[in-house]
Amino acid sequence: MQLPYSPQLNIEYLGRLFDNTSECYKLFWFQAILTKLDTGRDTFTYEELVDEMIAAAWYMVTEYHLNLGPKDNLEAVVKYISEATHFKPSEKKQVIVEYLRACEDREVLRLKKILIKNVPYRIHAPFIPKFTGPAWNVSERRLAEELNEQKRLMYYYSAFNGLETEIRLEPDWMVYLNRNKEIIMGWIQYKMITYLQKRNPSVPGISDKLSPPRERKLTKVIKYWRMLIELQPVHEIYHNELITTSDLSIDHFVPWSYVAHDEFWNLHPTTKRINSSKSNHLPDWELYFPLLAEQEYFSYRMLWQYERIRKEFRSCAEDHLNNSEVAYRLYRENQSMEVFREQLKEVVSPVYESARSSGFSNWVYTDESNDRIL
């Protein structure tokens, strides 16, 4: 991706900012600086930038269970705060930031200090190629003093005092970053996706997991299942409740927060209450996959039995069947229950196992107030 040219600045150095990214800190640190430009200020403390980093990582770690790196301290502080506060994954960013601003928890402060140990300085490495290994191995204060003597860096340091240390953006860089903010943010997100995909090789839809999801539209799938319910009684798979058209809800068998898609083979009807109860947990495979297969096979039989159901299915497929090979394997005509179940298993099982390996908890329905998370 080409960054915008500037006659005043060496953009080649900026383009190499993330060449050596063994951890995620540089990505989140620079993204925090870019985000903070909206305040109109050119000076920021380490702590407010670290708070921004934690808030930016919050959803992808707590909801999507993304791995940010081996023994990653940004991931560690997010998980610690989640356990300590019980904030929801969907908690508003400002609530997280305000909590961090007032937080005096020693463990949170300890992890924050780890996050500022290297990245505020080493992010400048492409701009000062003469700095070699030994030059970086000095105290943080000394390093800040030496960097302040360099020319043409993005920012410089003042009021050196741990988390209260300040960085001040240089005027030319301030103008460039503000002018090209959307392009640069897209570049950072591209680099973030590349980094996270390497750390989470079996996780689908990384690009959709950098921030809370957009509203999902399942209108066609709801209409399809309503038509089936009107033809024959349909019971949901978790508690065998009869589903009515007024209480119909569409569930992602493997949670949306993992798959980040609305593929038809992962969608099935349930009630609004039970769908809310299941939330983003993984249904117990041994208990519920056989029931899912039966329900999906019922849908399969109906679409080949009724022309109007088949027409509605084709409408669904336009938006919710994006892999032609999977579509053929599952929905071709004249399949027995045994063949269909095996085909469905081959599609769903790898995704299910990958979600389980990523930390999604096993779930068994008992009643609304006593679901079991195993």
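This is a predicted model: local features need pLDDT of at least 70, side-chain atom pairs count only at pLDDT 80 or more; totals for chains, interfaces and linings use all residues.
Residues are numbered from 1 along each chain as its sequence is written, and side-chain values use heavy atoms, with hydrogens and water left out. Local features need pLDDT of at least 70 and side-chain atom pairs pLDDT 80 or more, whereas totals for chains, interfaces and linings use all residues.

**View 1. The largest pocket holds about 760 Å³ of space.** A pocket is an open set of points on a 1 Å grid where a 1.4 Å probe fits, with protein on both sides within 12 Å along at least five of seven lines; lining residues have an atom within 4 Å of a point. Of the 34 lining residues, E63, P89, S257, S279 and N280 are the closest to the pocket centre. The lining has 12 nonpolar, 14 polar and eight charged residues.

**View 2. Helix α3 (46-62) packs against helix α5 (residues 93-102) at about 140°.** Their axes are 9 Å apart. D51, E52, I54, A55 and W58 of α3 are in contact with K93, I96, V97, L100 and R101 of α5 (heavy atoms within 4.5 Å). Six of these residues are nonpolar and four are charged, with no polar ones.

**View 3. Helix α2 (residues 25-36) packs against α3 at about 110°.** The axes lie 9 Å apart, and α2 is roughly perpendicular to α3. The crossing is right-handed. Among the residues that meet are F28 and W29 in α2 and L49 and M53 in α3. By class, the contact has 12 nonpolar, two polar and three charged residues.

Methods. Grid points are joined across faces, edges and corners, and a volume is the space filled by probe spheres set on the points. Helices (H or I, at least four residues) and strands (E, at least two) are DSSP runs, numbered from the N terminus. Ala, Val, Leu, Ile, Met, Phe, Trp, Tyr, Cys and Pro count as nonpolar, Asp, Glu, Lys and Arg as charged, and the others, Gly among them, as polar. Axes are lines fitted to C-alpha atoms, for helices over the stretch in contact, and angles run from 0 to 180 degrees between N-to-C directions. Angles under 35 degrees count as roughly parallel, over 145 as roughly antiparallel, 65 to 115 as roughly perpendicular and the rest as oblique. A crossing is left-handed if the near helix is turned anticlockwise from the far one by less than a right angle, and right-handed if clockwise.
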